[in-house]
Amino acid sequence: MDNSLSSKTFGRTTFILSFILVVLLSFGGCNSGGSGLSTDIVQNGKTPKLTFNESMHDFGDINEGDVVTYTFDFTNTGDGDLLITDAHAQCSCTVPEWPKDIIKPGGKGTIRVKFDSNGKSGIVKKEITIEANTNPKITKIHIQSNIHEQKNNQ
């Protein structure tokens, strides 16, 4: 009888350890996803919040071919660690640069946006989409300009 009891106990222990291993590997998969977020950010119930000082900048009048930049300032006004995973614009003429490190609650950061007006004229508006571990996941900022077309001197 001891052998059968021992065998059942061994079987249960193996099953429980296997189950725990599967659960741990599942959590590890959450951590290695494309966003690079740690499971602690998700599990602790704290939420970061991306708050910009301003969400739109007008460059005003510029000439076709000018390359202009603007830096948007933001603060993590939430209670969780903020991680920006991506920032992109509608076209290659607008290029955002964002911090790749975690920003603690109360911490500040910047997103620098460079706009190349080559080949453009009139009033131009561009939207920059920022993806982060916030709720909602997407935040948008905007730039605009009135571009004066260059005249060819022939």
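Two strands pair if DSSP finds at least two bridges between them, and strands themselves are DSSP runs (E, at least two residues) numbered from the N terminus. With that in hand, four strands here form an open sheet in the order S2-S8-S7-S4, with mixed pairing. This is a predicted model, in which local features need pLDDT of at least 70 and side-chain atom pairs count only at pLDDT 80 or more, while totals for chains, interfaces and linings use all residues. Residues are numbered from 1 along each chain as its sequence is written, and side-chain values use heavy atoms, with hydrogens and water left out.

**Strands and sheets**

- From one strand to the next, the twist averages 20 degrees (axes are lines fitted to C-alpha atoms, for helices over the stretch in contact, and angles run from 0 to 180 degrees between N-to-C directions).
- S7 and S8 pair over 10 bridges in the antiparallel sense, and here Ile128 stands opposite Ile141 in S8.
- S3 is joined to S6 by nine bridges, and the two run antiparallel; Phe74 stands opposite Gly109 in S6.
- Strand S1 (residues 50–52) is joined to S3 by three bridges, again antiparallel, with Thr51 opposite Thr75 in S3.

**Salt bridges**

- The count comes to three salt bridges, a salt bridge being a side-chain nitrogen of Lys or Arg within 4 Å of a carboxyl oxygen of Asp or Glu.
- Asp81 forms a salt bridge with Lys104, and their closest N and O atoms are 3.1 Å apart. Asp81 lies in the loop between strand S3 (67–76) and strand S4 (84–89), and Lys104 in the loop between strand S5 (94–97) and strand S6 (108–116), so the pair ties together parts that are 23 residues apart in sequence. Lys104 counts as exposed, at 52% relative accessibility (buried means under 20% relative accessible area, exposed over 50%, partly exposed in between, using a 1.4 Å probe and protein chains only).
- Glu97 forms a salt bridge with Arg112, with the closest N and O atoms 3.5 Å apart. Since Glu97 lies in strand S5 and Arg112 in strand S6, the pair ties together parts that are 15 residues apart in sequence. Glu97 is partly exposed at 44% relative accessibility, and Arg112 is partly exposed with a relative accessible area of 32%.
- Glu127 and Lys140 meet through their side chains in a salt bridge of 3.2 Å, N to O. Glu127 lies in strand S7 (residues 122–132) and Lys140 in strand S8 (residues 138–148), so this pair ties together parts that are 13 residues apart in sequence. Glu127 is partly exposed at 23% relative accessibility, and Lys140 is partly exposed at 38%.

**Disulfide**

- A search of the whole structure finds one disulfide, defined as a pair of cysteine sulfur atoms within 2.5 Å.
- The disulfide joins Cys91 to Cys93, with an S to S distance of 2.4 Å.
- Cys91 is partly exposed, with a relative accessible area of 25%, whereas Cys93 counts as buried at 9% relative accessibility.

**Aromatic rings**

- A search of the whole structure finds three aromatic pairs (rings of Phe, Tyr and Trp, the last by its six-membered ring, pair if their centres lie within 6.5 Å; planes under 30 degrees apart count as stacked, over 60 as edge-to-face and the rest as tilted).
- Phe52 and Phe72 have ring centres 6.3 Å apart and planes at 90 degrees, so the pair is edge-to-face. This pair links distant parts of the chain, with Phe52 in strand S1 and Phe72 in strand S3, 20 residues apart. Phe52 is buried at 14% relative accessibility, and Phe72 is buried at 0%.
- Tyr70 and Phe72 have ring centres 5.0 Å apart and planes at 80 degrees, so this pair is edge-to-face. Both Tyr70 and Phe72 are buried.
- Ring pairs link Phe52, Tyr70, Phe72 and Phe74 into a cluster.

**Charge over a ring**

- The charged end of Lys100 sits over the ring of Trp98, 3.6 Å from its centre (the rule asks for NZ of Lys or CZ of Arg within 6 Å of the ring centre and within 35 degrees of the ring normal).
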